[in-house]
Amino acid sequence: MHCTLRPWTMEDAGPLALLCSNLAVQNNLRDGFPYPYTKQDGEAFLASVLAADPQELFSFAILADGQLAGSITAYRQGNIHRRTAELGYYLGEPYWGKGIATCAVQQFCRHLFATTDLLRIFAEPFSTNRASCRVLEKAGFQREGLLRKNAVKNGVVRDMVLYALVREE
């Protein structure tokens, strides 16, 4: 499948709710992500993205063959880490295993390095989320370490893996 990125619109709220109200998707995301995910949750997310400082929050819809497939976002860090951003992404379950996430991560990171002063983009997937770890590896990210007992998700203490991609000099 072909993937493209585009800016979010408020019209994405309904399709976003259909993709996100899925426990298989939710189990690999942070707890701030509501379940079940409603159209109102989508509207709140989209309103916050559209109102955000475009040099602090970078967020795009991921399309697969023209259909909304997921989300990709980077959050600029602060203070001495102001030229670093944390990457987060997800796809709806029907789009898993088709190379879409790798395509989106590669496009997004190229865009960020070309249009911002960021030096480093990092991600911290759960260590059990092998598919996401593989996406990052295929997109050129380097594994920097294991963050032991770094999170509690669904009542389970979880390890996370630190991956990073740095701007080439």
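This is a predicted model: local features need pLDDT of at least 70, side-chain atom pairs count only at pLDDT 80 or more; totals for chains, interfaces and linings use all residues.

User: How many helices and strands does the chain have?

Analyst: Helices (H or I, at least four residues) and strands (E, at least two) are DSSP runs, numbered from the N terminus. Read from the N terminus on, the elements follow the order β-α-α-α-β-β-β-α-β-α-β-β. The total is five helices and seven strands.

User: What is the radius of gyration of the chain, and how does it compare with the globule rule?

Analyst: The radius of gyration is taken over C-alpha atoms, and the globule rule is 2.2 Å times the number of residues to the power 0.38. For 169 residues the rule gives 15 Å, and the chain comes close to this, so it is as compact as a globular protein of that length. The radius of gyration of the chain is 15 Å.

User: What percentage of the residues count as buried?

Analyst: A residue is buried under 20% relative accessible area, exposed over 50% and partly exposed in between (1.4 Å probe, protein chains only). Among the 169 residues of the chain, the buried share is 46%.

User: Which cysteines are joined by a disulfide?

Analyst: A disulfide is a pair of cysteine sulfur atoms within 2.5 Å. By this rule the count is one disulfide, with an S to S distance of 2.0 Å.

User: How many residues apart in sequence are the parts that the pair of Cys 3 and Cys 103 ties together?

Analyst: Cys 3 belongs to strand β1 (residues 3-6), whereas Cys 103 belongs to helix α4 (residues 100-115). Cys 3 is also buried, at 1% relative accessibility.

User: Is Cys 109 buried or exposed, and how far is its sulfur from the closest cysteine sulfur?

Analyst: Cys 109 has a relative accessible area of 3% and is therefore buried. The closest cysteine sulfur is in Cys 103, too far for a bond. The distance is 12 Å.

User: How many aromatic pairs are there in the whole structure?

Analyst: Rings of Phe, Tyr and Trp (its six-membered ring) pair if their centres lie within 6.5 Å; planes under 30 degrees apart count as stacked, over 60 as edge-to-face and the rest as tilted. By this search the number of aromatic pairs is four.

User: What type of aromatic pair do Trp 8 and Phe 45 form?

Analyst: Their rings lie 5.6 Å centre to centre, with 90° between the planes. Trp 8 is in the loop between β1 and α1 (13-20) and Phe 45 in helix α3 (residues 39-51), 37 residues apart. Both residues are buried. The pair is edge-to-face.

User: Which elements does the pair of Phe 60 and Phe 108 tie together?

Analyst: This pair is edge-to-face, with 5.9 Å centre to centre and 75° between the planes. Phe 60 is buried at a relative accessible area of 17%, and Phe 108 is buried at 0%. The parts, 48 residues apart in sequence, are strand β2 (residues 57-64) and helix α4.

User: Where is Pro 36 found?

Analyst: Most residues other than glycine have a negative phi, and most peptide bonds are trans. The peptide bond from Tyr 35 to Pro 36 is cis, with omega near -5°. Pro 36 is found in the loop between α2 (23-26) and α3.

User: What is the phi of Asn 79?

Analyst: Asn 79 is placed in the loop between β3 (67-76) and β4 (84-91). The residue is exposed, with a relative accessible area of 63%. Although Asn 79 is not a glycine, its phi is positive, at about 55°.

Terms used: Residues are numbered from 1 along each chain as its sequence is written. Side-chain values use heavy atoms; hydrogens and water are left out.
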